[in-house]
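Please examine the structure shown below alongside its sequence. The paragraphs that follow lead from local backbone features to the arrangement of the chains.

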2 protein chains.
Amino acid sequence: MSVQRELNPTARYLMGPGPSDVHPRVLKAMATPLIGHLDPQFIEIMDGVMDMLRRLFRTKNQLTFAVSATGSAGMETCFVNLLEPGDEALVCVNGVFGNRMCDIVERCGAKVIRVDAPWGEPIDPVNVKRALRGSRPKLVAIVHAETSTGVHQPLEEISKITHEKGALFLVDTVTSLGGIDVRVDDWGIDVVYSGTQKCISAPPGLSPVSFSPRAVALMDKRKTKVQSWYLDLSMVRKYWSGAKRVYHHTAPISMIYALYEALRLILEEGLERRFERHRRNHELLRDGLEEMGFEFIPAPEYRLPMLNAVKIPSGLDDTQVRSRLLNEYNIEIGGGLGDFAGKAWRIGLMGYSSTENHVNMLLAALRRMK
Amino acid sequence: MSVQRELNPTARYLMGPGPSDVHPRVLKAMATPLIGHLDPQFIEIMDGVMDMLRRLFRTKNQLTFAVSATGSAGMETCFVNLLEPGDEALVCVNGVFGNRMCDIVERCGAKVIRVDAPWGEPIDPVNVKRALRGSRPKLVAIVHAETSTGVHQPLEEISKITHEKGALFLVDTVTSLGGIDVRVDDWGIDVVYSGTQKCISAPPGLSPVSFSPRAVALMDKRKTKVQSWYLDLSMVRKYWSGAKRVYHHTAPISMIYALYEALRLILEEGLERRFERHRRNHELLRDGLEEMGFEFIPAPEYRLPMLNAVKIPSGLDDTQVRSRLLNEYNIEIGGGLGDFAGKAWRIGLMGYSSTENHVNMLLAALRRMK
């Protein structure tokens with residue numbers, strides 16, 4: 001029987017909206033021979049992952065672990081475990097991922113109260129306050145770093161407003177975690193999810209999550225079963241943190257290895273130094289792009305360092321430039337998503353891809369195409 | 001900041017109910033640097049995976065791919081995409097995984113019609129026929145290889161009965177695929193899922209699935225949205241097999257690499273030779289165990305070669321023996337699950353773990369403990 005040819009992908013520089021480049025130590029961790037998902041040594045590795053995730057999220061939340069699927073499954077985990085049919089959820093929408101939240105809320109049989117902002121702008125707390133006047137949602141959901149628009153959303157004021165109404169504060173940190181500060185406890189975040197393939201620089205396949213004691217108490221009071229068996233935390237919890245670890249599903253061992261090593265690298269570097277590196281490389285890229293006449297989509301005070309969303313300058317063809325970058329320079333950048341398809345590029349400087357060399361390579365290649 | 005210690009798990013021989021040992025070529029594939037999930041080279045790799053999965057499932061089904069999460073998520077994918085609230089599903093239950101199917105069917109808002117058999121025995125087609133007399137389920141679901149009991153379920157007669165009633169035939173092949181024959185097209189299987197960490201011998205994290213044109217047509221006629229966003233095939237399909245590949249969620253790149261390489265190894269060996277190897281090593285283990293006085297749980301004609309479920313002989317302590325095997329010999333075998341907890345051991349000879357050496361090591365170690 002003829003088989004497929006050898007696995008031999010070209011080496012790329014990953015400067016799109018994720019995945020980012022992965023450190024050789026993380027790749028090496030992936031190649032570690034497997035042990036069983038109930039092996040006492042694997043339980044120790046899981047405990048290590050939970051400890052390091054707590055430090056990265058800056059939280060004391062006991063229920064802090066990694067969902068066994070990519071970031072979007074983390075999003076779904078948060079909503080399906082907290083919402084029951086008939087509940088209300090206020091969702092802030094200023095890009096693709098806010099829209100995705102609305103879709104998931106509706107699939108829970110819950111009612112969405114939308115607060116919109118134009119794509120490329122942050123959500124205005126005043127609008128959240130107004131929407132909360134006539135409603136009593138169980139939670140308020142918002143995206144910290146909108147991967148589709150490059151907007152950095154300030155969270156503290158909206159968190160305060162949310163708690164005044166007694167709602168839970170749910171935050172998407174898929175693109176922010178590991179690249180800018182995420183202070184779960186200080187900012188009063190009750191429910192948070194992220195992904196591994198952005199600023200954590202592990203391969204895609206896991207979603208770090210954390211739940212405040214208040215969120216856990218609400219889950220414990222559910223009247224209906226969680227609609228997803230795979231993501232039902234009443235069972236998943238017993239495997240990650242029960243006194244006796246109870247089998248639920250077979251954990252993705254190698255992915256947990258990778259996350260463990262990626263988190264070690266993050267803590268070795270130190271969070272402040274890591275955030276500073278992301279900021280510095282963003283500024284270098286920004287200066288170079290602006291010099292070439294590129295315009296950023298978000299206003300300066302709302303720009304994400306790890307996800308640089310710029311308008312495609314007139315005279316440059318979207319597909320052609322991205323293909324040339326990929327084929328001639330092995331550099332991947334991202335096209336626009338949703339409303340921004342064909343209009344924007346998304347340049348990622350995430351985790352191990354956030355280096356001066358990456359910035360220099362990309363700027364030099366782009367200069368050749370102008 | 002103090003970090004966790006180096007990732008350094010002890011090398012084990014994995015002879016439990018999964019994960020199994022992983023071939024060095026698959027481990028090496030996991031360490032391949034990442035490319036983007038929309039990179040044309042990655043799309044080619046996905047196409048290669050789909051092609052090889054079709055050969056393994058022995059199907060022409062166009063919709064044959066890998067769900068981005070472990071086998072239980074594959075189970076959920078199959079049910080949530082086919083069932084709508086108010087539907088009926090007939091579920092055959094003779095172990096943990098049949099019970100799990102019932103749980104998921106109920107979470108879909110559908111009604112379960114159960115056909116039970118005692119744990120350790122196969123489902124009798126006569127009972128399926130009887131249950132179908134007074135009902136009209138959308139699908140009949142059954143487990144091909146019950147990982148909790150070691151029972152090999154014959155499928156062809158139940159498939160025939162199912163189709164006579166116009167229902168879809170849904171089969172769990174998590175433990176069978178890659179170790180015994182699974183003939184999706186010849187046996188009239190409409191919906192099938194599996195896992196990567198058993199006889200495919202890739203790490204856990206993906207679930208191969210396949211859907212017949214009839215199953216796809218039924219999905220296309222849904223009146224309600226699939227309750228899970230992450231597992232909604234109306235969108236996932238467009239990424240795996242649309243004319244233009246549309247982003248849905250970021251695929252677990254490294255896991256796909258691993259599956260690609262594991263499938264190459266399977267096709268290089270050849271399916272018949274691989275099944276013969278699994279059969280031969282099972283017989284070797286069986287003879288050795290029976291010589292020591294072990295009793296198998298299933299009757300001889302219903303024993304799975306890759307999952308050997310035996311009663312724990314009197315005089316041997318469950319936990320103590322398994323701990324000694326793990327700590328003194330680095331051999332993992334599985335304890336009993338559900339009704340069989342404390343009463344059975346489950347010895348896996350799956351994929352790369354199905355070798356004469358594995359059998360000899362385990363038998364020699366067990367002899368020391370009698």
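B:Arg58 is found in the loop between H2 and strand E2 (63–67) of chain B; helices (H or I, at least four residues) and strands (E, at least two) are DSSP runs, numbered from the N terminus. B:Arg58 has a positive phi of about 50° although it is not a glycine. With 16 C-beta neighbours inside 10 Å, this residue counts as partly exposed. A residue is buried if 20 or more other C-beta atoms, placed from the backbone, lie within 10 Å of its own, exposed if 12 or fewer, and partly exposed in between. The model is a predicted one, in which local features need pLDDT of at least 70 and side-chain atom pairs count only at pLDDT 80 or more, while totals for chains, interfaces and linings use all residues. Residues are numbered from 1 along each chain as its sequence is written, and chains are lettered from A and ligands numbered from 1 in the order in which they are written.

A positive phi of about 55° is found at B:Ser201, which is not a glycine either. B:Ser201 lies in the loop between strand E9 (191–193) and strand E10 (207–211) of chain B, and with 27 C-beta neighbours inside 10 Å it counts as buried. Most residues other than glycine have a negative phi, and most peptide bonds are trans. The peptide bond from A:Gly18 to A:Pro19 is cis, with omega near 5°, and A:Pro19 lies in the loop between strand E1 (13–14) and helix H1 (24–30) of chain A. In chain B, a cis peptide bond joins B:Gly18 and B:Pro19, with omega about 0°.

Chain A is divided into domain 1 (13–19 + 271–369) and domain 2 (24–267), with bounds that come from an automatic or database domain assignment. The centres of the two domains, taken over C-alpha atoms, are separated by 26 Å. Across the boundary, 24 residues of domain 1 of chain A are in contact with 25 residues of domain 2 of chain A, contact meaning that the C-beta atoms of two residues, placed from the backbone, lie within 7 Å. On the domain 1 side, helix H10 (271–291) and strand E11 (307–311) of chain A each supply at least two residues.

In chain B, an open sheet of 3 strands has the order E11-E14-E13, with antiparallel pairing; two strands pair if DSSP finds at least two bridges between them. Strand E11 (307–311) and strand E13 (334–335) of chain B are the edge strands, each pairing on one side only. E13(B) is joined by 2 bridges to strand E14 (residues 344–348) of chain B, and B:Gly335 stands opposite B:Trp345 in E14(B).

How many residues does each chain bring to the contact between chains A and B? Chain B contributes 64 and chain A 62. Helices H1 (24–30), H2 (40–57), H3 (71–82), H4 (96–107) and H9 (253–269) of chain B each supply at least two residues of its side, and the largest share, 9 residues, comes from H9(B). Because 97% of the interface residues of chain B are also interface residues in chain A, the copies meet through the same surface. Chain B can be laid on chain A with an RMSD of 0.0 Å by a turn of 180° and a shift of 0.0 Å along the axis, superposed by least squares on the C-alpha atoms of residues with pLDDT of at least 70 in both. That is the relation of a two-fold axis.
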